[in-house]
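Visitor: Could you take me through the helix packing and the charged pairs of this protein?

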Amino acid sequence: MIEDLTAAFREELEGSLLGSSGIEATLWNFCSSFMRKMEHPDTAALRRLIIGESARFPELGQIFYDRAVIHVEHAMTAYVASQIAAGRLHDEDPKKMAQFLLGLCAARHNQRLWGVVAEQDAEVEADSQRFVGYFLRLFRTSEPPAPLAE
């Protein structure tokens, strides 16, 4: 059941990192998609279920982590590593950098889980731009990458 519910989620997010847009547009697209997916009522319901049942069935949390969370984290880590290799980002451990950006995007999900706020597309867009801005101010190199040798 978890595999079925998370497959489309993973595919869309991983696909958003494959575009040929610049780093800012790619990250913004990813963050917007990630936050919209996290705030979807079905996602909130699944996360509530997993959190609620993980105490009785610890393997449930591990299955969710293995089928959803780790795939998204690996995709973002690979993207960050590619941007480091291209000279666009400083190397401060691609996995930790990916976790930082994912953590910013996921933090607003708590209010949705608690049922305090409804999905707000305008806020998703604004937060996405803000989080990408924070990320790039921390990790973007000051020098433009050198052109590739022909």
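The conversation below turns to helix contacts and then to salt bridges.

Guide: This is a predicted model, in which local features need pLDDT of at least 70 and side-chain atom pairs count only at pLDDT 80 or more, while totals for chains, interfaces and linings use all residues. Residues are numbered from 1 along each chain as its sequence is written, and side-chain values use heavy atoms, with hydrogens and water left out.

Visitor: At what angle do helix 4 and helix 5 pack, and which word describes their arrangement?

Guide: Helices here are DSSP runs (H or I, at least four residues), numbered from the N terminus, and axes are lines fitted to C-alpha atoms over the stretch in contact, with angles from 0 to 180 degrees between N-to-C directions. Helix 4 (residues 58-85) and helix 5 (residues 94-107) have axes 8 Å apart and pack at an angle of about 120 degrees. Angles under 35 degrees count as roughly parallel, over 145 as roughly antiparallel, 65 to 115 as roughly perpendicular and the rest as oblique. The two helices, helix 4 and helix 5, are therefore oblique.

Visitor: Which residues of helix 5 meet helix 4?

Guide: Contact means heavy atoms within 4.5 Å. From helix 4, the residues taking part are V72, E73, M76, T77, V80, A81 and I84, and their partners in helix 5 are P94, K95, M97, A98, Q99, L101 and L102.

Visitor: How far apart in sequence are K95 and E73, which form a salt bridge?

Guide: A salt bridge is a side-chain nitrogen of Lys or Arg within 4 Å of a carboxyl oxygen of Asp or Glu, and the closest N and O atoms of K95 and E73 are 3.9 Å apart. Because K95 lies in helix 5 and E73 in helix 4, the pair ties together parts whose separation in sequence is 22 residues.

Visitor: Is E73 buried or exposed?

Guide: Buried means under 20% relative accessible area, exposed over 50%, and partly exposed in between (1.4 Å probe, protein chains only). K95 has 41% relative accessibility and counts as partly exposed. E73, at 6% relative accessibility, counts as buried.

Visitor: Which residue forms a salt bridge with D127?

Guide: D127 is buried, with a relative accessible area of 13%. The closest N and O atoms of the pair are 2.3 Å apart, and the partner of D127 is R130.
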